[in-house]
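Please consult the sequence and structure shown here alongside the text.

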Amino acid sequence: MSATESVRANYKVRASELLGRNWLNTGGKQLDLEALRGKIVILDFWTFCCINCLHVLDELRPLEEQYKDVLVTVGVHSPKFEHEADPDALAAAVERYEIHHPVLDDPELVTWQAYSARAWPTLVVLDPEGYIVAHLSGEGHAQGLGSLIEELVAEHEAKGTLHRGNGPYVAPEAREGDLRFPGKAIALANGNFLVGDSGHHRLVELASDLSTVVRTIGAGVKGYADGDAQTAQFNELQGLTALPADVAAEVGYDVIVADTVNHRLRSVNLETGVVGTLAGNGVQRLLDSENARQEVQRTELGTDATNISLSSPWDVLYHPSGQVIIAMAGTHQIFAFNPRTSAVSVFAGTGLEGLADGAPDEAWFAQSSGLALDGQNVWIADSETSALRWIEVEEGKAQSVNTAVGTGLFDFGFRDGDAQQARLQHPLGVAVLPDHSIAIADSYNGAVRRFDPATKTVSTLAKGLKEPADVLVDTSVDGDPVLLVVETNTHQLVRIPIPAEALVVDEGASQTQRPKTPVRAGKHEILVRFAAPKGQKLDDRWGDPTQLKISASPEELILEGAGTSVGLTRTLELNPEITDGVLHITARAAACDGEPGGEIPDHAACHLYQQDWGIPVVLDAQGENELLLDLRGVN
């Protein structure tokens, strides 16, 4: 059967066995499909670096609670980066993100390949008899999954094939300690440090000895609540920035916090401990369907900041122009917030994921996670491209986006030397050193790296760390500058001397290793399946609500058919003179609440479904001449 025919087919496919290195969250038990028979199963193909995967974890939590007697989620961890294949790093991530379902460690992508997963995240739904009933890529599927689960419960309860009862999840032992997976930290005027204690969902003020807890701000439980230091709640908070004294006196608070999973900016008054909300309505930001279709990007988003949606703000930085710059990891953009006016704006980035320099409204970022200031310019740890980027700023406005280190979404490594050849691995933090070189918390290499803008070279200042997430410049007892590193996976802050001579390390450059799809040169069909969930219909009020954007690396791989157009099918002409490459495909579909064939009601909730695929291909005379992808495919 061709891919074109299979788009329309309605047939049953038996699920493949779940194979990998080990299982987590099962009390040591090794699971298989037979042990899950009688349950509705969601296979969540994820990797812990991926912000979209983290969003899906949170989307699934309410479903797991609501349907806990009939639904089992299985996280299939299929790593993108080399570090993510480390079993200890995976165990730490499962603990850090409070994953309450079994996780299969799939470092060789065996189960990933068996289910034809091509993107992070991918969801595959199995019915109680062990058949595949849906493939879904990307995030935003919670409502549709709820409808599908209800249908499967009714069908299989009537057939007698649904088994109610507890699932196989076994909770691990809780970790003790003052800090739990800290993310970011800042120095305070009193000589202490304020730490985003992400795993405890609170702020901790540490004395200069880095071990004495002066006070905590936040109740220490996951949630959202404004209030005093004992009752306020955060959810996996990350970055924070202190305001200048004159600005703080004017606005009534001292610190702004990126409350990441709450999709909000929060305020903290250090004198009173009172926490408030500055921006974000708690709803994850998505482009509205009309703007998404037309690729319209509004720069100014308004001053009604608490009614504007944000998406996983990861770091914040006060800029001398009076703005707070925000690494908006969830939309792959840089935002700005004005504390005096509450104005929110897009500072740079289109929202498309990748590495592209140039004008601020044309640049692509990928899960930017760390910010630092040098004069007017802003340095950025762009984690998913393993890149160090910077924005040239004049009079408070972004002028251009530039890359100092890094080449793309799937290129990484641990290599010093010339910046064009150097490689990082998922950096999360940056700091400007006294000589204006840049220190980088190179998280997945367990190192602090240094970029010298004068010589355009990269070196290593420290190694052997456990997922450093942030780096600051501190002062030693002798008055010399030292590095202060937030070492996330050892749950501590450490001081490290800046060496007189940095190391030069070359452990090689790597690429994300995924199986290459054999394809034939010449005509090649791209088909993306999308079926709106029950209770929704395609939003055709402004024309075709679907869109494909296709490009390739190298560009010469596609002779015809690249570019952006409506529809979810496309015919490409692949170049026979190119041996291999990557097809970059972005699919979008807009749907609103309403019944098929009917009108979309006024004020109906609308949804944008989007997924980016980077598919490695190799040209082979015996390869396929069509590629079928699932945005939301239901069998």
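A residue counts as buried under 20% relative accessible area, as exposed over 50%, and as partly exposed in between. The model is predicted. The count of disulfides comes to one, and a search of the whole structure finds eight aromatic pairs.

**Cysteines**
- Cys592 and Cys606 form a disulfide, with their sulfur atoms 2.0 Å apart.
- The link of Cys592 and Cys606 is right-handed, with 100° about the S-S bond.
- This pair links distant parts of the chain, 14 residues apart: Cys592 is in strand β42 (residues 580–593) and Cys606 in strand β43 (residues 606–619).
- Cys606 counts as partly exposed because its relative accessibility is 35%, whereas Cys592, at 0%, counts as buried.
- Cys49 is in no disulfide, the nearest cysteine sulfur being that of Cys50, 5.9 Å away.
- Cys49 is buried at 2% relative accessibility, and Cys53 is buried at 0%.

**Aromatic pairs**
- Trp379 and Trp390 form a tilted pair, 5.8 Å centre to centre with 35° between the planes.
- Trp379 lies in strand β22 (residues 377–382) and Trp390 in strand β23 (residues 387–394), so the pair ties together parts that are 11 residues apart in sequence.
- Trp379 is buried at 7% relative accessibility, while Trp390 is partly exposed at 23%.
- Trp379 also forms a tilted pair with Phe451, at 5.9 Å centre to centre and 55° between the planes.
- Phe451, in strand β29 (residues 447–452), is 72 residues apart from Trp379.
- Phe48, Phe81, Phe412 and Tyr444 are linked into a cluster by ring pairs.

**Charges over rings**
- The charged end of Arg264 sits over the ring of Tyr224, 3.5 Å from its centre.
- Lys12 lies over the face of Tyr131, 4.9 Å from the ring centre.

How values were computed. Residues are numbered from 1 along each chain as its sequence is written. This is a predicted model: local features need pLDDT of at least 70, side-chain atom pairs count only at pLDDT 80 or more; totals for chains, interfaces and linings use all residues. Side-chain values use heavy atoms; hydrogens and water are left out. A disulfide is a pair of cysteine sulfur atoms within 2.5 Å. Helices (H or I, at least four residues) and strands (E, at least two) are DSSP runs, numbered from the N terminus. Buried means under 20% relative accessible area, exposed over 50%, partly exposed in between (1.4 Å probe, protein chains only). Rings of Phe, Tyr and Trp (its six-membered ring) pair if their centres lie within 6.5 Å; planes under 30 degrees apart count as stacked, over 60 as edge-to-face and the rest as tilted. A charge sits over a ring if NZ of Lys or CZ of Arg is within 6 Å of the ring centre and within 35 degrees of the ring normal.
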